[in-house]
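Colleague: I would like to learn how to read a few features of a protein model. Could we go through them one at a time?

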Amino acid sequence: MAFFRSYTLSISYFLIFSILFTPSHGAFVEEFSDILTIKRSEKTSHLHFYFHDIVSGKNPSSIKVISPGGDGIYGFGKTFIFDDALTVGPNASSKVIGRAQGIYSIASQSELALLMVLTFEFIEGKYNGSSISILGRNSVPRDVREMPIVGGTCLFRFARGFALAHTFKFDIKSGDATVEYNVFVQHF
């Protein structure tokens with residue numbers, strides 16, 4: 001008899017907790033996804049700007065943070081952190097529209113290829129306060145390199161797409177570079 005009472009009591013507790021802690025048929029998830037699909041439609045934006053990576057001088061925008069021994073021919077393992085200006089034109093004096101912030105590392109032992117982890121943060125125009133995140137391989141010797149967009153914020157929330165990078169200017173003595181970017185981003 002004691003076993004039967006204990007078993008009945010356990011079932012009663014289970015039923016009470018199941019009723020109290022069961023979500024109401026996933027209504028929150030359904031309502032949230034309906035709001036997103038009803039009020040927003042996906043569009044593609046093309047952004048064009050220049051990235052200024054300055055490693056020389058008194059105030060560089062990119063600094064080496066890791067330099068393992070035995071650099072080899074390509075400097076495998078060297079890692080830089082950067083906060084580079086994004087401008088509308090190729091000259092560093094042209095209007096600044098944002099910052100490129102992140103890390104790049106020489107990730108290949110057989111060619112000059114970088115692993116790029118970066119965010120384009122925009123500070124001008126309709127994209128002010130929005131950002132695009134990129135994570136990908138940048139094979140520097142190629143004329144045009146493609147990297148994937150993995151996300152974004154504000155107007156670029158749920159972003160996807162790709163960025164095309166082209167070295168506009170590279171100073172072999174200083175290591176400073178200006179890179180032209182054409183970014184094609186799908187967002188809501």
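Predicted model: local features only at pLDDT ≥ 70, side-chain atom pairs only at ≥ 80, totals over all residues.

Colleague: Which side chain does Arg137 meet in a salt bridge?

Modeller: The partner of Arg137 is Glu111, at 2.7 Å from N to O. Arg137 sits in strand 6 and Glu111 in the loop between strand 4 and strand 5, 26 residues apart. Glu111, at 24% relative accessibility, is also partly exposed.

Colleague: How many salt bridges does the structure hold?

Modeller: There are 4. One of them joins Glu42 and Arg160, with the closest N and O atoms 2.9 Å apart. Glu42 is in the loop between helix 2 and strand 1 while Arg160 is in strand 8, so this pair ties together parts 118 residues apart in sequence.

Colleague: How is empty space found?

Modeller: A probe the size of a water molecule is rolled over the atoms, and this shows where space is left. Here the largest pocket has a volume of about 580 Å³. Its lining has 22 residues, and those closest to the centre are Tyr104, Leu112, Leu114, Val140 and Phe170.

Colleague: How many residues of each class are in that lining?

Modeller: The lining of the largest pocket has 15 nonpolar, 3 polar and 4 charged residues. Strand 9 gives the largest share, 3 residues.

Colleague: Which residues touch the most other members of the largest nonpolar core?

Modeller: That core has 28 residues, and those with the most such contacts include Phe49, Phe120 and Tyr181. Strand 5 gives the largest share of the core, 5 residues.

Key:
Residues numbered from 1 in each chain as written. Heavy atoms only, no water. 1 Å grid on protein atoms, 1.4 Å probe; cavity = no way out; pocket = protein on both sides within 12 Å on 5 of 7 lines; lining within 4 Å. Points joined across faces, edges and corners; volume = space filled by probe spheres on them. Helix = DSSP H or I, 4+ residues; strand = E, 2+ residues; numbered from the N terminus. Nonpolar A, V, L, I, M, F, W, Y, C, P; charged D, E, K, R; others polar. Core = buried A, V, L, I, M, F, W, Y, C linked by side-chain atoms within 4.5 Å. Buried < 20%, exposed > 50% of the residue type's maximum accessible area, 1.4 Å probe, protein only.
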